[in-house]
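Keep the sequence and the structure open while you read.

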Amino acid sequence: MSSKIDKREVVLVLESNTKLKDATRAYIREAMNLLRQSCSEPPLPVLRGIRGWARNSETSFMLCDRQETNFAIRLFELQGRLHALPEYREFVQALREDEDMSPPLGTVVGTVSSATGVYPDWIENFLLVGVAERSQELGFDDSSFDEVFARWEADMRRKDFDFVMIAPLWGVTAPVANIGLSPTIEIASLSDTEIIRCLDAGLAPSPLFGGFAHIPSALAIVLRNRSPKRIGLSTDANALENAVRAQEQWGEELQSVLRAMRLFKPGRVNIPGYIRFYDQWPLQGGTQIHHADIAMAYRNNYELTERDVLDLQDFWSELDRCDKSRKFVAAAIRRFGYAGERRRHDDRLVDLMIAAESLFLSEAGDPSDRGELTYRMALRVAFFTKAQDFRRHELFDQIKRAYRVRSAIVHGGEPRLQ
């Protein structure tokens, strides 16, 4: 049976929210007036020595001197005067009296694996910079304040944080900007902000010489999910272990799309790694980085046509169902994917043969009986598969040779092709 809503509690919550917003509005208005009076210089001086990535053309990005707004610098210079305003004291008091805002103040907020401190001056900086960026000549504007405050308040009151994981597919092309594969994962075009995040993390499409990156195509595997919000430092070992396992699982989901693409059609496709970040305050701005074999990702040569897009979505759905229901198929797909990541040809051959064993010898008995297993796998491959360049008896012989080479490699011997 549902409980009745206490109207008095609702009124108290609304009054608390209104008090906080009114106190914040009054302080931001006075702070903007003081900021405008002190900013007589041009608003966009160039800070030498501080560089950032920016789009240089339709297909390239360059490291350039960053443009820092004058008010962002002046905020630090004016902090003492700003905090002396009576409106600032009322703003802080309203924060401490709000039942949602008070607990995080003076401690860390975030997730098990990513957290940052929350203090009144950090909140005021976020609000002031946000309002100033939307205003004309640093004038206070109610609509700009309402927009910035609403976003900040929603982020502070939320119970979890949405995050994005991006694995760039540099050099991969597709005729559409978005290929949905599941409710949480897709192949999508990156925005300029996301491209810059990847470049800042060192996940570039080629070796970076002279601060220049040529990016004619910016597709990526994108995963979106959420993590529970935590307030304060946590020493819960189980929670940390669960967070690590979840992180590994999300990384495995990115890799599963990469393996599906390799199975789907010919072509070379790799990722240089992936980044993970949050867009909600106070975690926004931070980026977690996982590097893979970046050099392999420089050599991508993979194209999706219009017909491929629909076929890939169907293929992914079928593969996902098969992967979960039959472990030997999942093992074969994983090893086939590993082969695409290897630099050495012998390592690649071993992974491919393990994938073949998983498919054609999943029910095999004693693995020590290599001679019988070799014959059985070669016979099954020749019977159940088609190879454009080989007849069945030629494919049978080819698999036997490959298996002998594989055995020599894994046992430390010298492979013989004949």
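Glu-186 and Arg-224 form a salt bridge, with their closest N and O atoms 3.5 Å apart. A salt bridge here is a side-chain nitrogen of Lys or Arg within 4 Å of a carboxyl oxygen of Asp or Glu. Glu-186 sits in strand S8 and Arg-224 in strand S10, so the pair ties together parts that are 38 residues apart in sequence. This is a predicted model: local features need pLDDT of at least 70, side-chain atom pairs count only at pLDDT 80 or more, and totals for chains, interfaces and linings use all residues. Residues are numbered from 1 along each chain as its sequence is written, and side-chain values use heavy atoms, leaving out hydrogens and water.

**Exposure of the pair**

- Glu-186 counts as buried, because its relative accessibility is 15%.
- Buried means under 20% relative accessible area, exposed means over 50%, and partly exposed lies in between (1.4 Å probe, protein chains only).
- Arg-224 is partly exposed, at a relative accessible area of 40%.

**Other salt bridges**

- One network, joined by salt bridges that share partners, takes in Arg-151, Asp-155, Arg-158, Asp-160, Asp-162 and Arg-226.
- The structure holds 25 salt bridges.
- Asp-155 pairs with Arg-158 in a salt bridge, the closest N and O atoms lying 3.8 Å apart.
- Both Asp-155 and Arg-158 are buried.
- Arg-157 and Glu-153 also meet through their side chains in a salt bridge, at 3.0 Å from N to O.
- Arg-157 and Glu-153 are both buried.
- Both lie in helix H6 (residues 142-157), 4 residues apart, which is about one turn of the helix.
- An α-helix has 3.6 residues a turn, so residues three or four places apart point the same way.
- Helices (H or I, at least four residues) and strands (E, at least two) are DSSP runs, numbered from the N terminus.

**The sheet**

- An open sheet is formed by 6 strands in the order S7-S8-S10-S5-S12-S13, with antiparallel pairing.
- Its edge strands are S7 (178-180) and S13 (287-291), each pairing on one side only.
- From one strand to the next, the twist averages 20°.
- Two strands pair if DSSP finds at least two bridges between them.
- S8 (residues 185-189) and S10 (residues 219-228) run antiparallel and are joined by 5 bridges.
- Ile-187 has Ile-221 as its bridge partner in S10.

**Helices on the sheet**

- Helix H8 (residues 237-264) packs on the sheet and touches S5, S8, S10, S12 and S13.
- The direction of H8 makes about 155° with that of S10.
- Helix H7 (residues 192-200) lies across S5 (160-168), S8, S12 (273-278) and S13, running at about 120° to S12.
- Contact means heavy atoms within 4.5 Å.
- Axes are lines fitted to C-alpha atoms, for helices over the stretch in contact, and angles run from 0 to 180 degrees between N-to-C directions.

**Helix H14**

- H14 (residues 392-410) has 19 residues and should span 27 Å at 1.5 Å a residue; its end C-alpha atoms are 27 Å apart, which agrees.
- The expected span is 1.5 Å times one less than the number of residues.
- Buried residues of H14 include Leu-395, Phe-396, Tyr-403 and Arg-406.
- After H14 comes Gly-412, with a positive phi near 80°.

**Thr-305**

- Thr-305 lies in the loop between strand S14 (302-303) and helix H10 (306-325).
- Thr-305 is partly exposed, with a relative accessible area of 33%.
- Thr-305 and Ala-174 are 131 residues apart in sequence, yet 6.0 Å apart in space, C-alpha to C-alpha.
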